[in-house]
Amino acid sequence: MSGDCDDLGRLAHDLARRRTLALERRRRVVDGACVPHVRVDGRPLLAFASNDYLGLAAHPRVALAASEAALRYGVGAGASHLISGHSALHEALERRLAQWTGLPRALTFSAGYMANAAVLSVLAQRHGEIFADRLNHASLNDAARLARARLRRYAHGDLAQLQRLLAGSRAAYKIVATDAVFSMDGDIAPLPELLSLCERYDAWLYVDDAHGFGVLGEGKGALAHFRLASPRIVYMATLGKAAGVAGAFVAGVEEVIETLLQQAHAYVYTTAQPPLLAAALLAALDVMEQEPQRRAMLWRLVGFLRAQARPRRGTFLASATPIQPLLLGDAATALDVAEQLWQRGLWVPAIRPPTVPQGTARLRISLSAAHSEADVLALCEALNEVA
Ligand SMILES: *Cc1c(COP(=O)(O)O)cnc(C)c1O
């Protein structure tokens with residue numbers, strides 16, 4: 001037993017160290033739906049902390065579609081897609097997503113984390129090389145490791161470095177993987193330039209559009225934003241952010257999608273999402289289509305925040321998306337500013353290493369169409385006062 005005790009001691013030591021370094025994470029227990037005005041421990045707070053960019057997570061039409069589907073289809077899918085878990089609702093959702101993105105075919109996954117694992121494993125085939133922007137989401141890096149492929153990371157947005165790496169690669173399969181909208185920075189990847197490099201060096205371009213889908217390109221996402229189309233693009237978007245529900249999908253040419261369906265462990269060896277979520281997503285897509293005013297409101301609030309905020313602490317990053325990070329530097333400072341805002345009734349998460357590089361801790365302000373101008377004004381006033 002003494003071995004076990006040593007291991008426990010090590011875990012306790014590491015946990016204590018995290019706390020000392022202001023890196024300990026803490027969950028807040030939210031009582032109620034994901035909306036801007038929430039209650040935490042009975043206390044009202046104005047939150048700028050979700051990825052619910054269009055305010056669909058608590059939309060009555062979406063919730064109603066989920067509850068009606070629960071009564072008709074039950075709650076659990078009962079099995080994986082390839083056994084017996086693939087319902088008519090999943091099928092309809094895949095068709096709708098392919099139509100929505102203008103891509104040949106779509107396949108749904110239970111989470112973006114799993115979709116990334118599936119795609120990189122299938123495209124890299126173990127002998128591949130994956131070229132990744134240094135600020136990509138952690139799930140893409142984990143996916144590359146799971147794929148047992150060689151992972152080469154290039155400096156954020158550094159096309160010249162990427163070109164050198166591609167030119168020097170002798171891998172049988174090459175994949176350039178990038179966030180379309182960088183999740184903690186809010187800037188947009190230079191997808192047209194990345195596609196040109198992929199064409200020149202015969203590589204796949206894998207686009208993780210977790211934060212662009214529903215937001216950019218009239219809601220169609222980052223490819224529509226740039227008017228990009230190519231058989232070498234594999235597109236992924238998550239459905240728990242702007243779409244307000246859960247899960248993810250991959251879209252692209254038939255051969256890629258069918259290979260994922262046949263081979264990807266993260267697709268084959270997992271229970272299908274509850275069909276009621278597919279029903280909720282179909283309703284969410286209806287709202288996205290029929291209520292363009294949500295996107296208009298979101299863009300208006302982005303402009304309003306940038307015009308009104310003159311924070312005494314920190315610098316806004318150059319982001320044109322609803323992700324508006326205020327760079328503060330060290331973790332303790334970010335935590336301190338977040339705490340001062342919390343005391344004023346505002347919830348803005350402090351993002352610290354290892355989620356972001358050392359010395360770049362920040363507040364991640366995220367805007368939603370569910371916010372009002374008065375909400376954003378309240379945030380700006382607090383930011384302008386907090387020292
Ligand atoms: C959130 C996120 C994911 C993971 O998606 P989940 O559906 O939450 O697992 C993947 N990539 C990026 C860029 C993300 O922001």
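Two strands pair if DSSP finds at least two bridges between them. Strands (E, at least two residues) and helices (H or I, at least four residues) are DSSP runs, numbered from the N terminus. The model is predicted, so local features need pLDDT of at least 70 and side-chain atom pairs count only at pLDDT 80 or more, whereas totals for chains, interfaces and linings use all residues. Residues are numbered from 1 along each chain as its sequence is written, and side-chain values use heavy atoms, with hydrogens and water left out.

**View 1. Strand β8 and its two partner strands.** In β8, isoleucine 233 is the bridge partner of leucine 205. Strand β7 (residues 204-208) pairs with β8 in the parallel sense, over four bridges. The pairing of β8 with strand β9 (residues 248-252) is antiparallel and also comprises four bridges. Here methionine 236 has valine 250 of β9 as its bridge partner. In general, the strands of a sheet pair through backbone hydrogen bonds, either parallel or antiparallel.

**View 2. Burial of strand β8.** Six of the six residues of β8 (residues 233-238) are buried, so the strand is largely enclosed by the rest of the structure. Buried means under 20% relative accessible area, exposed over 50%, and partly exposed in between (1.4 Å probe, protein chains only). Both faces of the strand are covered: one side carries Ile233, Tyr235 and Ala237, the other Val234, Met236 and Thr238, and all are buried.

**View 3. The shell around the ligand.**

**View 4. Polar side-chain atoms at the ligand.** A polar side-chain atom of histidine 211 lies 2.6 Å from an oxygen atom of the ligand. For lysine 241, a polar side-chain atom is likewise placed 2.6 Å from a ligand oxygen atom. An N or O atom in the side chain of histidine 137 is 3.5 Å from a nitrogen atom of the ligand. The protein buries 81% of the 380 Å² that the ligand exposes when taken alone (Shrake-Rupley method, 1.4 Å probe).

**View 5. The hairpin of β1 and β2.** Strand β1 (residues 37-40) runs antiparallel to strand β2 (residues 43-47), and four bridges join them. Leucine 46 in β2 is the bridge partner of histidine 37. Two residues lie between the strands of this hairpin, in which aspartate 41 takes a positive phi near 50°.

**View 6. The open sheet of β1, β2 and β12.** Three strands form this open sheet in the order β1-β2-β12, with mixed pairing. Because β1 and β12 (346-347) stand at the edges, each with a single partner strand, one side of each is left without a neighbour in the sheet. β2 and β12 run parallel and are joined by two bridges; tryptophan 347 in β12 is the bridge partner of alanine 47.

How values were computed. Polar contact = N/O pair within 3.5 Å; in protein donor to acceptor, adjacent residues only side chain to side chain.
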